[in-house]
Amino acid sequence: MLNFVAMESLFARHFGIAPEKVVPIAASGSNRRYFRISAGTFSAVAVQGTEAAENRAFIAFSEHFRKQGLPVPEIYGVSRDGLCYLQEDLGDVSLFSRLDDRQAVLRTVALLPKVQVLGARGLDFSLCWPLSAFDRRSVFFDLDYFKYCFLKPSGIDFDENRLQDEFELLADELLKSPADYFMYRDFQSRNIMLRDGQPYLIDYQGGRKGPLEYDLASFVWQAKAAFPEAFREELVETYLEALSALVPVDRELFRRRLGFFVLFRTLQVLGCYGFRGLVEKKAHFISSIPFALDNLSAILEGPSVEPFPYLAGLLSELVRKRPGSAKCAELPSETVPGVLYIDVMSFSYRKGIPDDLSGNGGGYVFDCRGMDNPGRYAEYRNLTGLDRPVIEFLEARAEVDKFLSHALPLVDAHAECFLERGLSHLSVFFGCTGGQHRSVYCAEHAAAHLKEKFGDRIRVRLVHRERGMERIL
């Protein structure tokens, strides 16, 4: 049960003024609830948890990290029962929403070794929740998560004994890495806030003593980030440079071990996506499945799977079958009466047309492949429809204006009709060959057009499925 009295009391005690607004903040996979509480120029984030020990870990880590000079939120106060605490408001800009900011991503990966090395110095690991260290048991928690929540529901038959044998071998490899560091465990772009362009850490309450490689694998191979291979290499090098300033590093050995952790982490997140997405029907987990399967496809081409031939065969079958990969982001289950929620999405036809999960099936799928493809030209191949050269390329061609001049009036009329009838959801999808250039440009243009035309009568969620990007207009 939410304790608003405790939240408001903590705010008043810290700022000396009663709160004027309490606004929920969307959360993805956690059972914790977040609220922005404000009065005048004062603002803070209240967190309501369900497990006092978990909160206690976050609070203790925060205080310790601040003493080590690490960028984490200040804790303003804690309720008597330990289920609610008030922390510094770091704003609304996550690194996930700025993955196109190359320098912000590099600054974040350069920060990671400090968190792992300095964060571990003098830390009381007995406060960790639910486990104090990365060990064989925690390895099998995650491998079983993958087996029972993703592999079995996929419908692929497998020999459980043979799979278990190779899970044992994988665990042996993972546990060879030194494990005297702070393992964040969920070091990914949604858990990094940007303030004045600098990264700040949140959601490290599940941290424990563990190896270095796990967090780097989590960040660089985060499914929806979909970093190009060349940029992943740059991120690993940036990390190793920063790590070398703190501890001695055998780079060749580190890279070999890193491959096993990339495989392991990918299996773990697929288990998470299977449970949180396919079972609990949470939007961004469903839309993350194709990206994780793409990562898996690339992993199968590398050496990290060679010691596990039976597992590699099962993973190849998963990549071929792509269970759950055609799903799109689910629209909000709780809507404001009179407001039309519109999903505008770009996608690749190679990966399938997105499903409409709103339940009414209303909307359009527009095929952008009749336009000249910037991806055919070398100078645009590594850019997207968000980049100025691609925008200028497309806008110089009359076919783009002609296409949108026919598509957008259809959508406008449909939206107006839905508003008049009191319907709540509409889907507008733009597809092209790779979901990178034409569809991204058209989705951006359509979302901006709809928001300008209908204003507060609609809420637009813009999703670039193959880019792993989404935002609310």
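In the predicted model, the axes of α7 and helix α8 (residues 251-279) come within 12 Å and cross at roughly 130°. Angles of 65 to 115 degrees count as roughly perpendicular and those over 145 as roughly antiparallel; α7 and α8 are therefore oblique to each other. Their crossing is right-handed. On the α7 side, the contact is made by Glu233, Val236, Glu237, Tyr239, Leu240, Glu241, Leu243 and Ser244. These residues meet Arg251, Phe254, Arg255 and Leu258 in α8. By class, the residues of this contact are six nonpolar, one polar and five charged.

Helix α4 spans residues 136-151 and helix α5 spans residues 160-174. The axes of α4 and α5 come within 10 Å, with a crossing angle of roughly 140°. This pair is therefore also classed as oblique. The crossing of α4 and α5 is right-handed. From α4, the contact draws on Arg136, Val139, Phe140, Leu143, Phe146, Lys147, Tyr148 and Leu151. Their partners in α5 are Glu160, Leu163, Gln164, Phe167, Glu168, Leu170, Ala171, Asp172 and Leu174. The residues of the α4 contact with α5 comprise 11 nonpolar, one polar and five charged.

Trp129 and Pro130 are joined by a cis peptide bond, with omega at about 5°. Pro130 sits in the loop between α3 (102-117) and α4.

Helix α7 also takes part in a pocket. The second largest pocket has a volume of about 1,300 Å³. It is lined by 38 residues, of which Ala226, Pro228, Thr384, Gln436 and Arg467 are the closest to its centre. Both α7 (229-244) and α9 (283-299) supply at least two residues each to this lining. The most comes from α9, which gives five residues. The lining of the second largest pocket is made up of 14 nonpolar, 12 polar and 12 charged residues.

Ala226 is among the lining residues closest to the pocket centre. Its phi is near 50°, a positive value in a residue other than glycine. Ala226 is located in the loop between α6 (213-220) and α7.

Notes:
Residues are numbered from 1 along each chain as its sequence is written. This is a predicted model: local features need pLDDT of at least 70, side-chain atom pairs count only at pLDDT 80 or more; totals for chains, interfaces and linings use all residues. Side-chain values use heavy atoms; hydrogens and water are left out. Axes are lines fitted to C-alpha atoms, for helices over the stretch in contact, and angles run from 0 to 180 degrees between N-to-C directions. Helices (H or I, at least four residues) and strands (E, at least two) are DSSP runs, numbered from the N terminus. Angles under 35 degrees count as roughly parallel, over 145 as roughly antiparallel, 65 to 115 as roughly perpendicular and the rest as oblique. A crossing is left-handed if the near helix is turned anticlockwise from the far one by less than a right angle, and right-handed if clockwise. Contact means heavy atoms within 4.5 Å. Ala, Val, Leu, Ile, Met, Phe, Trp, Tyr, Cys and Pro count as nonpolar, Asp, Glu, Lys and Arg as charged, and the others, Gly among them, as polar. On a 1 Å grid over the protein atoms alone, a cavity is a set of points where a 1.4 Å probe fits but cannot get out, and a pocket is an open set with protein on both sides within 12 Å along at least five of seven lines; lining residues have an atom within 4 Å of a point. Grid points are joined across faces, edges and corners, and a volume is the space filled by probe spheres set on the points.
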